[in-house]
Amino acid sequence: MADEAYRAVFLRVHPTGKMVLSLTTESDGRESEYAQLVAGELGVPPLDVKVVPADTDRFGTGHGYNTSPSPGTEAAIVTATSRIRDKAQLLAGAALDADPGTLTFSTGGWSAGGSSEVKTIEDIALYAHGTGALPPGVEGGLDAQAVYRD
């Protein structure tokens, strides 16, 4: 049964733009690689990403999570960062007063058309935590979870 349990990653972006990546799996020695993966996907320095393996504060204990290292962790991290980036694009659209579909993302920030104004993930994290008006149907905060099974 334990080998069939679900695993999860949870990525929270704090209002400062610093991030915590919580894992249900025990440490496998690849935490710095996971931080670099998150950093590359979201355009932030790897030192801004803290990785917490076997995060019982986030996920608790005794819920059937398999805590052995998992080959599916990287794909789950990419899924979670993609969800963060998608939500951040919606928020960047609101912050830039632009259609989110017209924004471009490069080097950790979103910009609209020919505008020189760029909203970084740090800007969007602060915006998501209450400094700006949220688009209809979008909740505050900037976090995402991906649940998976190998």
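**Exercise 1. Find the aromatic pair and describe its geometry.**

Start with the count: there is one aromatic pair in the structure. To qualify, rings of Phe, Tyr and Trp (its six-membered ring) need centres within 6.5 Å. Here the partners are Phe-105 and Trp-110, with ring centres 4.5 Å apart and planes at 50°, so this is a tilted pair. For the label, planes under 30 degrees apart are stacked, over 60 edge-to-face, and the rest tilted.

Next, check the cover on each partner. Buried is under 20% relative accessible area, exposed is over 50%, and partly exposed lies in between (1.4 Å probe, protein chains only). Phe-105 has 30% relative accessibility and is therefore partly exposed. Trp-110 comes out at 0%, so it is buried.

A note before going on: this is a predicted model, where local features need pLDDT of at least 70, side-chain atom pairs count only at pLDDT 80 or more, and totals for chains, interfaces and linings use all residues. Residues are numbered from 1 along each chain as its sequence is written, and side-chain values use heavy atoms, leaving out hydrogens and water.

**Exercise 2. Work out how the open sheet is put together.**

First, the order. Four strands line up as β3-β2-β1-β7 in an open sheet with mixed pairing. Strands are DSSP runs of E, at least two residues long, and helices are runs of H or I, at least four, all numbered from the N terminus. Two strands pair if DSSP finds at least two bridges between them.

Second, the edges. These are β3 (49–52) and β7 (143–148), each pairing on one side only. On average, neighbouring strands are turned by 15° against each other, direction ignored.

Third, a closer look at one pairing. Strand β1 (residues 7–13) and β7 run antiparallel, joined by six bridges. Arg-12 sits opposite Asp-143 in β7.

Last, the helix. Helix α3 (residues 73–96) packs on the sheet and touches β1, β2 (19–23) and β7, and its direction makes about 145° with that of β7. Contact means heavy atoms within 4.5 Å; axes are lines fitted to C-alpha atoms, for helices over the stretch in contact, with angles from 0 to 180 degrees between N-to-C directions.

**Exercise 3. Sum up the whole chain.**

Count the elements: the protein chain has four helices and seven strands. From the N terminus they run β-β-α-β-α-α-β-β-β-α-β. Of its 150 residues, 41% are buried. For the overall extent, the C-alpha atoms fill a box of roughly 55 × 30 × 25 Å along the principal axes.
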